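Open the model in your viewer and colour the chain by secondary structure. The stops below say what to select next and what is there.

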Amino acid sequence: LGAQLGMASREEKRNKLTLTELDALPSDTTTYKAVGRMFIQEPCEKIIEELVTTTKQAASDIEKFSEQRVQLESSMKETEKAIKEILSTAVVVKPGEEDEKDE
């Protein structure tokens, strides 16, 4: 979950940085999109649209992963509390004492 959160936040930052760079370019600038091991010429507007879409998706993923993380942390704290309670109420019997009580 932490890795997914980190990956989504890095993607969002990279997209935002690329968007600021593309916004600074004139509209008639030739732009290329990386596809696998090659580059394809794309209109700047289309690349900006794709970056905006993927940035929104990354932001929603970050929000979703953050919520899941909070839920898991609270669940873990509740489980730890329950285990500590069980261990504190358990009766500790030393070896040898058990035989003496039976007689």
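Contact here means heavy atoms within 4.5 Å. This is a predicted model, and the tour starts with the whole protein chain.

**Whole chain**

Select everything. The protein chain has 3 helices and 2 strands. Starting at the N terminus, the order of the elements is α-β-β-α-α. Of the 103 residues in the protein chain, 16% count as buried. Now look at contacts between residues at least 6 apart in sequence: 62% of them join residues at least 24 apart.

**Helix H1**

Select residues 2–24, which make up helix H1. H1 has 23 residues, and the distance from its first C-alpha to its last is 34 Å, close to the 33 Å expected at 1.5 Å a residue. Next, show side chains for Leu 5, Gly 6, Ala 8, Glu 12, Asn 15, Leu 19 and Leu 22, which are buried in H1. What covers the buried residues of H1? The cover includes E1 and H2.

**Helix H2**

Move to residues 44–89, helix H2. At 1.5 Å a residue, the 46 residues of H2 should span 68 Å, and the end C-alpha atoms of H2 are 67 Å apart, which agrees. Show side chains for the buried residues of H2: Cys 44, Ile 47, Leu 51, Thr 55, Ala 58, Ile 62 and Phe 65. Which elements do the buried residues of H2 pack against? They pack against H1, strand E1 (31–35) and strand E2 (38–42).

**H1 against H2**

Keep only the two helices on display. Two packed helices are described by the angle between their axes and the distance between the axes. H1 and H2 pack at an angle of about 155 degrees, and their axes are 8 Å apart. Angles over 145 degrees count as roughly antiparallel, so H1 is roughly antiparallel to H2. The crossing in which H1 passes H2 is left-handed. Colour the contact by residue type: the residues of the contact of H1 with H2 divide into 13 nonpolar, 7 polar and 6 charged.

Lys 46 comes next, in helix H2. Is Lys 46 buried or partly exposed? The relative accessibility of Lys 46 is 40%, so Lys 46 counts as partly exposed. Draw a distance from Lys 46 to Lys 33: the two are 13 residues apart along the chain, with 9.9 Å between their C-alpha atoms.

Go on to Thr 53, also placed in helix H2. Thr 53 has a relative accessible area of 53% and is exposed. From Thr 53, draw a distance to Asn 15, 38 residues away along the chain; the C-alpha atoms are separated by 9.7 Å. Asn 15 is one of the buried residues of H1.

Finish at Gln 68, which is found in helix H2. With a relative accessible area of 32%, Gln 68 is partly exposed. How far apart are Gln 68 and Leu 1 in space, C-alpha to C-alpha? They are 8.2 Å apart in space and 67 residues apart in sequence.

Technical notes
Residues numbered from 1 in each chain as written. Predicted model: local features only at pLDDT ≥ 70, side-chain atom pairs only at ≥ 80, totals over all residues. Heavy atoms only, no water. Axes fitted to C-alpha atoms, helices over the stretch in contact; angles between N-to-C directions. Helix = DSSP H or I, 4+ residues; strand = E, 2+ residues; numbered from the N terminus. Parallel < 35°, antiparallel > 145°, perpendicular 65-115°, else oblique. Left-handed = near helix turned anticlockwise from the far one by under 90°. Nonpolar A, V, L, I, M, F, W, Y, C, P; charged D, E, K, R; others polar. Buried < 20%, exposed > 50% of the residue type's maximum accessible area, 1.4 Å probe, protein only. Expected span 1.5 Å × (residues − 1).
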